[in-house]
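Trainee: I would like to learn how to read a structure step by step. Where do we begin?

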Amino acid sequence: MTSPGPTVAVDELCMTYRVPVRNPGLVAAARSLVRRQYRDVHAVQDISFKVAAGEVVGFLGRNGAGKTTTLKILAGILHPTSGRVRVLGDVPWRRHTQYLRAIALIRGSQPIGDAPELTVMDSFRYQQVLYDVAEADFRQNLAELSALLDLDVLLRRQVRALSLGERMRAGLALALIYRPKILFLDEPTIGLDLSAAKAVRTFVAEYSAQTGATVLLTSHSMADVESLCPRLILVDNGAIAFDGGRDELSSVFAPTKLIRVAVTEDDADLASYGDVLQRDGNQWLLRVDREVVPTTTARILSRFTVADLAVEEPSLENVMDQAYQRLRQSPAASRSITR
Ligand SMILES: Nc1ncnc2c1ncn2[C@@H]1O[C@H](COP(=O)(O)OP(=O)(O)OP(=O)(O)O)[C@@H](O)[C@H]1O
């Protein structure tokens, strides 16, 4: 398989689901037997983006934005309604064996396969056969993954008896035993406790750094996004609302910064320098428009005796909250529901 150009190239991708609709009640149920009505849900509308080899990209958006649908198309599970996609130079939904052996889709909601009666070790052996992993590679990969994900204690247990966090650890290792070049991670830390989520993040970062794997990650956890993704693609109503770096996202969607300042004067009043978010004695937390930060700090420094001053970016959570509020008022694309 050759891979000319970007690792992932998505061009004008659209996906429409046709879903049956009916009014509640017995009469409507009987009527729907004779004449079924449908509506179209445009889950993905004209999405285009590229991802280079080794990039770790956060694919973000509100509930129902179209993230999982896009990842399923990239992973070859869904055939899109229209558009062009190349991943590693291949068309995902053709499901070439070579392609399926180069990618992994890992879903936090269903981290492990369909055979809960197998032990974890049997699941690994099954995966080895399925993905044609040579015995020596299998042993080496399993040893490395076991050490990183603390799997030894799980290998002889039945999949059905694992907790969610244990399933996620085992699921990640199962997906990576064949060393995929691309990871599609759909909410990999959903439902995990703090330390389990941190372990998954650390592991994903190490895997991509060690192997140069490309990662496309959806998550509602800003801790995941913050620690893993230098680049963010924000989708809304099935369309791309933003594609760029974290700082750029802040400047687009959060037009303010925070100035944290401590002055020595007891009677100082800084209320006229910005919105006062907090005041604790001589310490003030002010919110000011981004473009006036330099002049505001200069004015504060010249007017007061400043003991400490720091300019802070709003947290990613805050930026995303502002982005979602903005998109709620003016969606990136208005999803048309046709009947
Ligand atoms: N199999 C399906 N049949 C019909 N509609 C679907 C199907 N799967 C998803 N949808 C609809 O497509 C839209 C996008 O769904 P998708 O699961 O891609 O969103 P998401 O961004 O992953 O959301 P979340 O953050 O809640 O997981 C939603 O309106 C959803 O209801």
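Trainee: What share of the contacts in the chain with a separation of 6 or more comes from residues 24 or more positions apart?

Mentor: Two residues are in contact if their C-beta atoms, placed from the backbone, lie within 7 Å. Here residues 24 or more positions apart account for 74% of the contacts with a separation of 6 or more. Two notes on the source come next. This is a predicted model, in which local features need pLDDT of at least 70 and side-chain atom pairs count only at pLDDT 80 or more, while totals for chains, interfaces and linings use all residues. Residues are numbered from 1 along each chain as its sequence is written.

Trainee: How many helices and strands are in the chain?

Mentor: Helices (H or I, at least four residues) and strands (E, at least two) are DSSP runs, numbered from the N terminus. The chain has 11 helices and 13 strands. Along the principal axes, its C-alpha atoms fill a box of roughly 75 × 60 × 45 Å.

Trainee: What percentage of the 339 residues of the chain count as buried?

Mentor: A residue is buried if 20 or more other C-beta atoms lie within 10 Å of its own, exposed if 12 or fewer, and partly exposed in between, with C-beta atoms placed from the backbone. By that count, 37% of the 339 residues are buried.

Trainee: How many residues of H6 are buried?

Mentor: In H6, 11 of the 13 residues are buried, so this helix is largely enclosed by the rest of the structure. Among them are Glu166, Arg167, Met168 and Arg169. The buried residues of H6 pack against strand E5 (103-107), helix H4 (120-130), H5 and H7.

Trainee: What span does H6 reach from its first C-alpha to its last?

Mentor: The expected span of a helix is 1.5 Å times one less than its number of residues. H6 has 13 residues and reaches 18 Å, close to the 18 Å expected. Helix H5 (residues 135-149) has 15 residues and should span 21 Å; its end C-alpha atoms are 20 Å apart, which agrees.

Trainee: At roughly what angle do the axes of H6 and H7 cross?

Mentor: Two packed helices are described by the angle between their axes and the distance between the axes. Axes are lines fitted to C-alpha atoms, for helices over the stretch in contact, and angles run from 0 to 180 degrees between N-to-C directions. The axes of H6 (residues 164-176) and H7 (residues 194-211) come within 10 Å and cross at roughly 10°. Angles under 35 degrees count as roughly parallel, over 145 as roughly antiparallel, 65 to 115 as roughly perpendicular and the rest as oblique. H6 and H7 are therefore roughly parallel to each other. Gly165, Met168, Leu172 and Leu176 of H6 make the contact with Ala196, Val200, Phe203 and Tyr207 of H7.

Trainee: How many residues of each class does the contact of H6 with H7 have?

Mentor: Ala, Val, Leu, Ile, Met, Phe, Trp, Tyr, Cys and Pro count as nonpolar, Asp, Glu, Lys and Arg as charged, and the others, Gly among them, as polar. The contact of H6 with H7 has 7 nonpolar, 1 polar and no charged residues.

Trainee: Which residues does leucine 192 touch?

Mentor: Leucine 192 lies in the loop between strand E6 (182-186) and H7. Not counting residues up to four places away in sequence, leucine 192 touches Leu164, Gly165, Met168, Ala197 and Val200. Leucine 192 counts as buried, with 23 C-beta neighbours inside 10 Å.

Trainee: Is the phi of aspartate 46 positive or negative?

Mentor: Most residues other than glycine have a negative phi, and most peptide bonds are trans. Aspartate 46 has a positive phi of about 60° although it is not a glycine. Aspartate 46 is in strand E2 and is partly exposed, with 15 other C-beta atoms within 10 Å. Aspartate 132 also has a positive phi, near 55°. Aspartate 132 is in the loop between H4 and H5 and counts as exposed, with 9 C-beta neighbours inside 10 Å.

Trainee: Which element gives the most to the shell around the ligand?

Mentor: A residue is near a molecule if its C-beta atom, placed from the backbone, lies within 6 Å of it. Residues around the ligand include Tyr17, Val41, Gly64, Lys67 and Thr68. H2 gives the most to this shell, with 3 residues. By class, the shell has 5 nonpolar, 6 polar and 1 charged.
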